[in-house]
Amino acid sequence: MASDTELWRGTDYGWWLAADTSGAVGASLIAFAVPLMMLATTESSAAATTTESICVVVQAVLGLAGGVIQDRYDRRTLMLIWGASGVVLSAVAAAAVMLFGNAPKTSGHGVNGVNAPAFGGPYAHVLPIALLCIVVLFSVRDGLLENTSNAMLRGVVPDEQLPHAMALNDARDSTVTLAGGPLGGLLMTVGHAVPFLTSAVLSVLGVVSAWRIRRYWKRATVDDSGHSGNADDAIDVSGAITAAPRWRDALDGMIWLLHDRFQRHLIIAATMVTGASNAFLLLTALDISQGGSQLISVGFINAASAVGMLLGALMASQLVNRVPGGVLVGVMFALLAAGFTGAALVPSMVGKAIFVACSVLALPAGNAVLGGLSNTLVGKDKLGRVGAGSMVLQYGAYGVAVALAGWGMQTIGYGPTCLILATVLVAAAAYALTMRSLITLPTPDRWAEHIQRWSIAQF
């Protein structure tokens, strides 16, 4: 296809994708390993989910400042810093695991050195504290810099190719998720520190790939108020930006998302979906781990989700330009609600996997529609702040959901807690499907007319 040729040969999307994928795989390995290590060392699902919640909150809060940084400084430089800091933090995490967690023991959950990780020895009690400190530092880094690659994408890919690029990104994300759980489990059977060492190597690859990006949008000028001059036409960097970030600027993206009726309704539905669905998947992984299953099996549900996403991503780029966007987004919300409800009700793990896989089939197409529309509404020089505002709201919901779900799992059990999370997804779908301005969204070639008709705000 001509669009594929233009995307891969006419832009630096390939280098961007390599850098972003390296970071995504490394992050998935750490996200897989840390909760299981916390569970094994503390023998408390609440402790494992609370750690995750703390990290999410830290990342979300610092994301506000990160959005300003991503809009004011050269994004390739920020990607290089993000990758380099990943090398250091991953290496430190690996050293901590090797120093404090090498002596095996049998845990109260019937987990041994072959199955879920278990740690012993005179310094084993130090490992949870060390891991918490390290993952909080990861969260600080991610809050300030992780969204840089997403903000940079529109400057690498022409607007008309964004839906296609986003569909490819969803396919990539699905592949990473599909491989991440089993790969993380396999690496942990080799050695508890191996996932972190692998993440360090991947971060090095990310730095090299980001360094090779040359063709991308760069901010040219900034006036005394911190706003760009002729930003959309900028090609070359004119020097360092000296205007200090202001909290008003940091909040601009979130204010815009909450001020416009269309964006406000959409972000509320999205935060409910993000929090409930991800908490569901994390609880399921912890439940499998507590049952004494092998580490490779812990990523089974996530792998099922990735299979569904991958199948959906293969169709997404064709559907976006042929099927009205409102239909795709509506089907996305409806399938998420139905699929996770079925997964909560079915007792067998295979049944849960099938329902989860079906629930996300429309997610890549829906994401491509909403992502493309958002990029149409937001200027290139403001993408960082809007992304940060969205991250704060969605990660905040995820942090709250994970914390509450962890305590729920420990008090009322895994099954009832998952039913509550499924109910939240049903409510989110009902809320989204009442938005006429959303469900009547046409194909991308008619978005300008739709935006004007419904007075959807631009930023």
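Biologist: Ser-209 lies in helix α8 (residues 194-211). What makes a stretch a helix here?

Modeller: Helices are DSSP runs of H or I with at least four residues, and strands are runs of E with at least two; both are numbered from the N terminus. The chain has 19 helices and two strands. This is a predicted model, in which local features need pLDDT of at least 70 and side-chain atom pairs count only at pLDDT 80 or more, while totals for chains, interfaces and linings use all residues. Residues are numbered from 1 along each chain as its sequence is written, and side-chain values use heavy atoms, with hydrogens and water left out.

Biologist: Why is Ser-209 called buried?

Modeller: Buried means under 20% relative accessible area, exposed means over 50%, and partly exposed is in between (1.4 Å probe, protein chains only). Ser-209 has 8% relative accessibility, so it counts as buried.

Biologist: Which residues is Ser-209 in contact with, leaving aside neighbours within four places in sequence?

Modeller: Contact means heavy atoms within 4.5 Å. By that test, Ser-209 touches Trp-15, Ala-18 and Ala-19. The C-alpha atoms of Ser-209 and Met-79 are separated by 9.8 Å, although the two residues are 130 apart along the chain.

Biologist: Leu-39 sits in helix α2 (residues 13-42). Is Leu-39 buried or exposed?

Modeller: Leu-39 is buried, because its relative accessibility is 2%. In sequence, Leu-39 and Leu-286 are 247 residues apart, but their C-alpha atoms are 7.9 Å apart.

Biologist: Val-57 is in helix α3 (residues 45-72). Why is Val-57 called partly exposed?

Modeller: Its relative accessibility is 40%, so Val-57 counts as partly exposed. Val-57 and Val-392 are 335 residues apart in sequence and 8.1 Å apart from C-alpha to C-alpha.

Biologist: What makes Ser-455 exposed?

Modeller: Its relative accessible area is 58%, so Ser-455 is exposed. Ser-455 lies in the segment after α19 (447-453). Its phi is near 55 degrees, a positive value in a residue other than glycine. Most residues other than glycine have a negative phi.

Biologist: How do you know that helix α6 (residues 148-156) is mostly covered?

Modeller: Eight of its nine residues are buried. Among them are Thr-148, Met-152, Arg-154 and Val-156. Over the whole chain of 459 residues, 56% count as buried.

Biologist: What is called a nonpolar core?

Modeller: A nonpolar core is a set of buried Ala, Val, Leu, Ile, Met, Phe, Trp, Tyr and Cys residues joined through side-chain atoms within 4.5 Å. The largest has 89 residues, of which Phe-196, Phe-280, Met-332, Phe-333 and Leu-438 touch the most other members. Helix α10 gives the most to this core, with 12 residues. A second, separate core has 16 residues, including Met-79, Val-156, Ile-213 and Tyr-216.

Biologist: Which residues is Phe-280 in contact with, beyond its neighbours within four places in sequence?

Modeller: Phe-280 is in contact with Phe-340, Ala-343, Ala-344, Tyr-414, Cys-418 and Leu-421.

Biologist: What makes a space a pocket?

Modeller: A 1 Å grid is laid over the protein atoms alone, and a pocket is an open set of points with protein on both sides within 12 Å along at least five of seven lines. A 1.4 Å probe is used, and lining residues have an atom within 4 Å of a point. Volume is the space filled by probe spheres set on the points, which are joined across faces, edges and corners. The second largest pocket holds about 220 Å³. It has 15 lining residues, and the closest to its centre are Ala-401, Leu-404, Ile-420, Leu-421 and Val-424. Helices α10 (261-290), α16 (383-411) and α17 (414-433) each give two or more residues to this lining. α16 gives the most, with six.

Biologist: How many disulfides are there?

Modeller: A disulfide is a pair of cysteine sulfur atoms within 2.5 Å. The structure holds zero. Cys-133 has a relative accessible area of 47%, so it is partly exposed. Cys-358 is also partly exposed, at 37%.
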